[in-house]
Amino acid sequence: ATENKALITLFGATGDLAKRKLYTSLFKLYQKGYLADHFALLGTSRHEMSDEEFQELVLNSIKDIPAKDGEAEAFSKHFFYCAHDVTKPEHYVKLKDRLAELDKQFGTEGNRLFYMSMAPQFFGTIAINIKKQGLLTDNGYNRLVIEKPFGRDFDSAKKLNDELSQTFEENQIFRIDHYLGKEMVQNIQALRFGNPIIEALWNNRYIDNIQVTLSEKLGVEERAGYYDNSGALRDMVQNHIMQVVAQLAMEEPVAFTDDDVRVEKIKALRSLRVYTPSEAAANFVRGQYGAVNDQPDYRHEDGVDPESGTETFVAAKLMFDNYRWSGVPFYVRTGKKLADKFTRIDIVFKKPLIDIFANPDTADKQALKSNVLTIYVEPNSGFGLRLNAKHVGQGFTTEPVDLNFVQSDTAKKESPEPYERLFHDALEGNHTNFASWAEIAYAWKFVDVIRNLWDIEKPQFPNYTPGSMGPAAASELLARDGRKWVYDL
Ligand code: BG6
């Protein structure tokens, strides 16, 4: 592994994400040698804390990761802390001095990575002050890694982006979408562009429809404060689903570089049909979970408005107006308190135009089933391919058989977690797995139409039972087109 020399400034150093994901990811990079002697992290948040206390906090976050003797302690000595009120310009001066010292002490060669992992209303202020108070360097790189949510509609996202742009150029900004750090989401590109037998069929001549499911078993848990203001459309559709769909829909990039991939993803999202309000009403379904046994319905969860109209489920039909996809619906869905926790993509191929095996005497005139290619993202990682084959025995009937490839447990264990991957990419300056401003802008413009419509009309909630796959309307959305969800209960 090549060592990345870098000085990281983390805003939100005592937050949940930092404790659960960021320190563990950095530790894994350290164990693998991607980070070594020449890195340091300056953590900030409102809390007063000494460097030693902060190092304890870091050690505590990584305590479950198997390590060599003394490795965790040595790692923790790269962490420093400075209490900071992001709204006070004078506090940035303290940060600036501390950064200058650490740069010297650790030989980070002026490489600065600023990481924002805190309440989004401060993102803009922090970015502006980073420049104004002189926290940027001119001898290494300056990069910004920024957590979601990136705005709550197009206008607020644009405002945020304009603020960030006062300090950072587009190619210095890394907008996190952790779905892009998932092994099997990245694998979409290998599957498509590494296999002529797949890519040759990847169009409206052979594909009937594509289904993307991001299903969650848990409810809103402790995040009501955020979630009730957001809802599934903003929380999952605008970002994760749009990014997955863009990868499925994009054209082949000229080369597998971040710039080339971006261009194609932007083009794909640009051809996504933006609905009129009446089209949106017809093509989007929202839901909110009800009560079951001793578990309260969404409206009675801690911190949720008892009359909340926030959706915890979304299903939709998306259409791309381009030569490859014209006429092929992309059905997507996501929700809380569904049957299970999993993410999968089903590519449903067209049936044979003529079924020579059909038996006119049976009710099922078409014996041949659709071929389905499934990309299992989580919890299993792998591919499935459903083909028609002859049923074993006398006579001639067909039945579907499944070819499955599932990544082994060992392979899965060795596969870095999204945050480890994305941190590494940002340190390397590779944008492939980050969302560009143009992609985010198109995604918001698309989503805003739906949001505006839903904000006016009062929904009939709750409308689905926990443990189901959402409201009945989610099945009707496909049934209307003579189709079904491949994964159904
Ligand atoms: C986050 C959402 O972005 O993604 C959460 O804010 C959601 O509401 C989570 O639970 C799902 O991510 P994963 O990786 O567990 O599928």
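These notebook entries record what I looked up in one predicted model.

**Entry 1. Ground rules.** I note that residues are numbered from 1 along each chain as its sequence is written, and that side-chain values use heavy atoms, with hydrogens and water left out. The model is predicted, and local features need pLDDT of at least 70, side-chain atom pairs count only at pLDDT 80 or more, and totals for chains, interfaces and linings use all residues.

**Entry 2. Domains.** I looked up how the chain is divided and found domain 1 (6-147) and domain 2 (180-479); such bounds come from an automatic or database domain assignment. The centres of the two domains, taken over C-alpha atoms, are separated by 35 Å. In contact with nine residues of domain 2 are 18 residues of domain 1, where contact means heavy atoms within 4.5 Å.

**Entry 3. The ligand.** Which residues are around the ligand? I listed Lys 148, His 178, Tyr 179, Lys 182, Glu 216, Arg 223, Asp 235, Met 236, His 240, Lys 336 and Lys 341; a residue is listed if one of its heavy atoms lies within 4 Å of the molecule. This shell divides into seven charged, two polar and two nonpolar residues. In this division Ala, Val, Leu, Ile, Met, Phe, Trp, Tyr, Cys and Pro count as nonpolar, Asp, Glu, Lys and Arg as charged, and the others, Gly among them, as polar.

An N or O atom in the side chain of Glu 216 is 2.6 Å from a ligand oxygen atom. For His 178, a polar side-chain atom lies 2.8 Å from an oxygen atom of the ligand, and for Arg 223 the corresponding distance is 2.9 Å. Taken alone, the ligand exposes 400 Å², of which the protein buries 80%; the areas come from the Shrake-Rupley method with a 1.4 Å probe.

**Entry 4. Helix α13.** Helices (H or I, at least four residues) and strands (E, at least two) are DSSP runs, numbered from the N terminus. Why is helix α13 (residues 418-428) largely enclosed by the rest of the structure? I found that 10 of its 11 residues are buried, so the helix is largely enclosed. Buried means under 20% relative accessible area, exposed over 50%, and partly exposed in between (1.4 Å probe, protein chains only). Among the buried residues are Tyr 419, Arg 421, Phe 423 and Asp 425. Their cover includes β1 (6-11), α1 (16-31), β4 (112-116) and α7 (183-194). After α13 comes Gly 429, with a positive phi near 80°.

**Entry 5. Backbone exceptions.** Most residues other than glycine have a negative phi, and most peptide bonds are trans. I looked up where this model departs from that pattern.

- The peptide bond from Lys 148 to Pro 149 is cis, with omega near 0°, and Pro 149 is found in the loop between β5 and α6 (154-165). Lys 148 is also one of the residues around the ligand.
- Glu 378 and Pro 379 are joined by a cis peptide bond with omega about 0°; Pro 379 lies between β12 (372-378) and β13 (382-390), in a loop.
- Glu 221 has a positive phi of about 50° and is partly exposed, at 42% relative accessible area. The loop holding Glu 221 runs between β7 (207-215) and α9 (224-249).
- Asn 293 has a positive phi near 45° and counts as exposed at 77% relative accessibility.

Notes. Polar contact = N/O pair within 3.5 Å; in protein donor to acceptor, adjacent residues only side chain to side chain.
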